[in-house]
Amino acid sequence: MKSEKSQREKTFSPGALTRLEEIKKKYPDKRAALMPALYIAQDEFGWLRPEALKAVAQYLELPEMTVRSTATFYSIYKHEQAGRNMVRLCTNVSCMVLGASTLKGTLKTLYGLAPGGTSPDGRFQLEIGECIGACDRGPAMLVNDDLHTELDTKKLIQVLESYK
Ligand code: FES
């Protein structure tokens with residue numbers, strides 16, 4: 001029979017476990033560690049689906065009800081499936097002048113991506129964002145943490161096709 005620890009480890013990647021261990025050291029009180037642990041679970045699972053909440057409860061040895069009620073109380077957590085890659089298209093003035101609205105249309109037409117929505121294949125989620133500090137190289141967007149600049153339709157497609 002597998003130990004409880006080995007069962008727990010199956011639910012988180014080694015990287016997430018390292019982050020969780022750091023949180024545990026920083027917040028010896030399990031309840032204080034709960035919110036940062038939920039962030040890590042959200043990163044790991046994509047959103048706080050039931051398995052993610054169960055994994056956090058097991059890891060922190062807290063009742064599942066406690067974990068679930070904390071997670072659902074705060075709107076800062078994702079409670080439904082999100083796209084695997086977060087696209088943040090800047091639509092501030094400089095980027096708009098340089099063609100961001102065309103890109104927004106392309107995202108809708110080719111990828112089925114509307115602001116706030118997820119592409120039908122689950123690859124992308126779109127947020128229309130504020131300035132991301134690349135105004136002189138617009139239109140600009142972030143995909144996850146990667147900055148992409150001087151976009152046109154062709155480059156937009158090339159960039160997005162590099163994310164699975
Ligand atoms: S206005 Fe788009 S990056 Fe600044």
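At roughly what angle do the axes of helix 7 and helix 8 cross? The axes of helix 7 (residues 100-111) and helix 8 (residues 153-161) come within 10 Å and cross at roughly 50°. This is a predicted model, in which local features need pLDDT of at least 70 and side-chain atom pairs count only at pLDDT 80 or more, while totals for chains, interfaces and linings use all residues. Residues are numbered from 1 along each chain as its sequence is written.

Helices (H or I, at least four residues) and strands (E, at least two) are DSSP runs, numbered from the N terminus. Axes are lines fitted to C-alpha atoms, for helices over the stretch in contact, and angles run from 0 to 180 degrees between N-to-C directions. Helix 7 and helix 8 are therefore oblique to each other, since angles under 35 degrees count as roughly parallel, over 145 as roughly antiparallel, 65 to 115 as roughly perpendicular and the rest as oblique. On the side of helix 7, the residues Thr102, Leu103, Thr106, Leu110 and Tyr111 meet Thr153, Leu156, Ile157 and Leu160 of helix 8, where contact means that C-beta atoms, placed from the backbone, lie within 7 Å.

The model also holds an open sheet of four strands in the order 2-1-3-4, with mixed pairing; two strands pair if DSSP finds at least two bridges between them. Strand 2 and strand 4 are the edge strands, each pairing on one side only. Neighbouring strands of this sheet are turned by 20° against each other on average, direction ignored. Helix 7 packs on the sheet, where it touches strand 1 and strand 2, and its direction makes about 150° with that of strand 1. Strand 1 (residues 85-90) and strand 2 run parallel and are joined by six bridges, and Arg88 stands opposite Glu127 in strand 2.

Most residues other than glycine have a negative phi, and most peptide bonds are trans.

The peptide bond from Gly138 to Pro139 is cis, with omega near -5°, and Pro139 is found in the loop between strand 2 (124-129) and strand 3 (141-143).

Methods: Two residues are in contact if their C-beta atoms, placed from the backbone, lie within 7 Å.
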